[in-house]
Amino acid sequence: NVFDGLVSLADHEARASQVLDAQAQAYFNGGAADEITLRDNAAAWQRLRLAPRVLQPLSGGHTRLSLLGRTLAHPILVAPMAHQRLAHPHGELATALAAAALGAGMVLSTQANVPLEQVAQLVLGDADRGPLWFQLYIQPDRAFTQALVRRVEAAGYEALVLTVDAPVSGARDRERRAGFRLPPGVAAVNLAGMAPAATHPGSVLDHASAHALTWADVDWLCAHTRLPVLLKGITHPADAREALEHGVAGIVVSNHGGRTLDTVTPTAERLPAVVDAVRGAVPVLVDGGIRRGTDVLKAMALGASAVLLGRPVIHGLAHGGAQGVSHVIRLLRDELEMAMALCGCRDLGQATPELLV
Ligand code: FNR
């Protein structure tokens with residue numbers, strides 16, 4: 001087996017670094033500025049300590065859950081990540097295929113490198129697949145955005161994930177040092193034909209004030225789609241409460257994997273307050289630094305409905321295509337099941353805050 005010797009997500013990262021060039025590594029692995037949050041996201045899950053129960057009945061144990069009206073085999077979804085053909089020629093097609101085969105949900109980025117319809121056609125017929133969602137960046141051209149949403153609906157996507165934590169891109173020092181540029185042939189094809197955004201010579205804030213979203217845009221989107229809308233990038237309980245008032249279907253607690261604003265609190269530490277604010281009204285998902293089955297279990301214990309997995313998926317993709325992605329998801333799922341059994345959890349409903357010291 002080509003994956004012999006790869007027993008953890010960290011092993012996949014090491015293997016990926018043998019095949020990705022310096023620019024691609026800077027793009028995929030890097031974060032904003034000093035990468036404090038990038039590191040802290042993972043460290044925060046590691047810092048949490050488990051308090052397992054023993055001698056609990058485990059018969060009939062499973063990882064199933066229900067999310068937005070569907071039954072999922074397990075709580076691991078693939079996070080939206082742009083430009084996956086930079087990692088492997090099959091790009092998002094390979095990722096989607098692997099996710100479907102493993103029953104993992106897939107969130108396709110607005111900045112994917114393959115047509116969104118192709119991804120949907122590839123996986124929608126798979127009976128055991130997880131949910132297929134589309135991550136939306138609302139474009140300055142609202143007519144274009146609306147047409148994009150129509151395409152997403154027509155293709156069969158089941159929810160929109162509106163990313164709200166990146167009104168401007170972060171200070172991506174590692175990328176700039178590496179001189180990162182998209183190579184020819186790798187493009188955000190689903191945005192093709194869009195009128196170029198008006199340029200705002202001057203400051204970053206000039207740009208932001210022209211393009212940054214507000215709650216009115218959330219209302220606009222909810223009014224212009226029949227799909228449930230989740231907000232990705234909420235970390236403040238006050239924002240979570242406001243999101244509920246605007247009728248969102250779910251929240252993703254995320255700091256963009258530490259790629260936007262550096263030195264924000266890691267998601268593991270923000271999750272409980274958001275869960276508390278939402279009070280079960282809608283699902284709360286979380287991402288950032290999840291690398292172990294124990295991390296997934298800790299997220300569930302803190303009240304997450306499911307988790308999104310980012311960079312490790314890219315690592316599997318980079319060196320192993322669809323099979324590499326499958327292997328990564330398989331490892332994490334196996335680790336989750338081990339962690340559940342060792343903590344005395346027969347199902348995810350038994351992952352409660354008491355599991356954490
Ligand atoms: C991202 N992320 C992201 N998020 C989003 O909403 N739209 C996007 O297009 C992208 N693109 C993207 C590219 C790359 C290379 C990475 C690593 C991340 C953020 C992503 O969805 C997720 O929030 C984090 O990656 C989760 O953290 P981990 O698991 O990577 O630590």
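**Helix packing and the ligand shell in a predicted model**

Mentor: In this predicted model, helix 5 (residues 116-123) packs with helix 6 (residues 142-155) at an angle of about 15°, and their axes lie 9 Å apart.

Trainee: Why is helix 5 called roughly parallel to helix 6?

Mentor: The angle is about 15°, and angles under 35 degrees count as roughly parallel, which makes helix 5 roughly parallel to helix 6.

Trainee: In which hand does helix 5 cross helix 6, left or right?

Mentor: The crossing of helix 5 past helix 6 is right-handed. By class, the contact between helix 5 and helix 6 holds four nonpolar residues, two charged residues and no polar residue.

Trainee: Which residues of helix 5 and helix 6 meet?

Mentor: Leu116, Glu117 and Ala120 come from helix 5, and they meet Arg151, Val152 and Ala155 of helix 6. To say that they meet is to say that two residues have their C-beta atoms, placed from the backbone, within 7 Å.

Trainee: Which residues does helix 4 bring to helix 13, and of what classes is the contact made?

Mentor: Helix 4 brings Ala94, Thr95, Leu97, Ala98, Ala99 and Ala101, which meet Val313, Leu317, Gly321, Ala322, Val325, Ser326 and Ile329 in helix 13. By class, ten residues of this contact are nonpolar, three are polar and none is charged.

Trainee: How many residues surround the ligand, and which are the closest?

Mentor: The ligand is surrounded by 24 residues, of which Ala79, Ser109, Thr163, Gly257 and Gly310 are the closest. Helix 2 (22-29) and strand 10 (306-309) are the elements that give two or more residues to this shell. By class, the shell around the ligand has eleven polar, nine nonpolar and four charged residues.

Trainee: How do you know that the radius of gyration of the protein chain agrees with that of a compact globule?

Mentor: For 357 residues a compact globule would have a radius of gyration near 21 Å, and the protein chain has 19 Å, so the value agrees. The C-alpha atoms of this chain fill a box of roughly 65 × 50 × 45 Å along the principal axes, and the chain has 13 helices and ten strands.

Conventions
Residues are numbered from 1 along each chain as its sequence is written. This is a predicted model: local features need pLDDT of at least 70, side-chain atom pairs count only at pLDDT 80 or more; totals for chains, interfaces and linings use all residues. Axes are lines fitted to C-alpha atoms, for helices over the stretch in contact, and angles run from 0 to 180 degrees between N-to-C directions. Helices (H or I, at least four residues) and strands (E, at least two) are DSSP runs, numbered from the N terminus. Angles under 35 degrees count as roughly parallel, over 145 as roughly antiparallel, 65 to 115 as roughly perpendicular and the rest as oblique. A crossing is left-handed if the near helix is turned anticlockwise from the far one by less than a right angle, and right-handed if clockwise. Ala, Val, Leu, Ile, Met, Phe, Trp, Tyr, Cys and Pro count as nonpolar, Asp, Glu, Lys and Arg as charged, and the others, Gly among them, as polar. A residue is near a molecule or strand if its C-beta atom, placed from the backbone, lies within 6 Å of it. The radius of gyration is taken over C-alpha atoms; the globule rule is 2.2 Å times the number of residues to the power 0.38.
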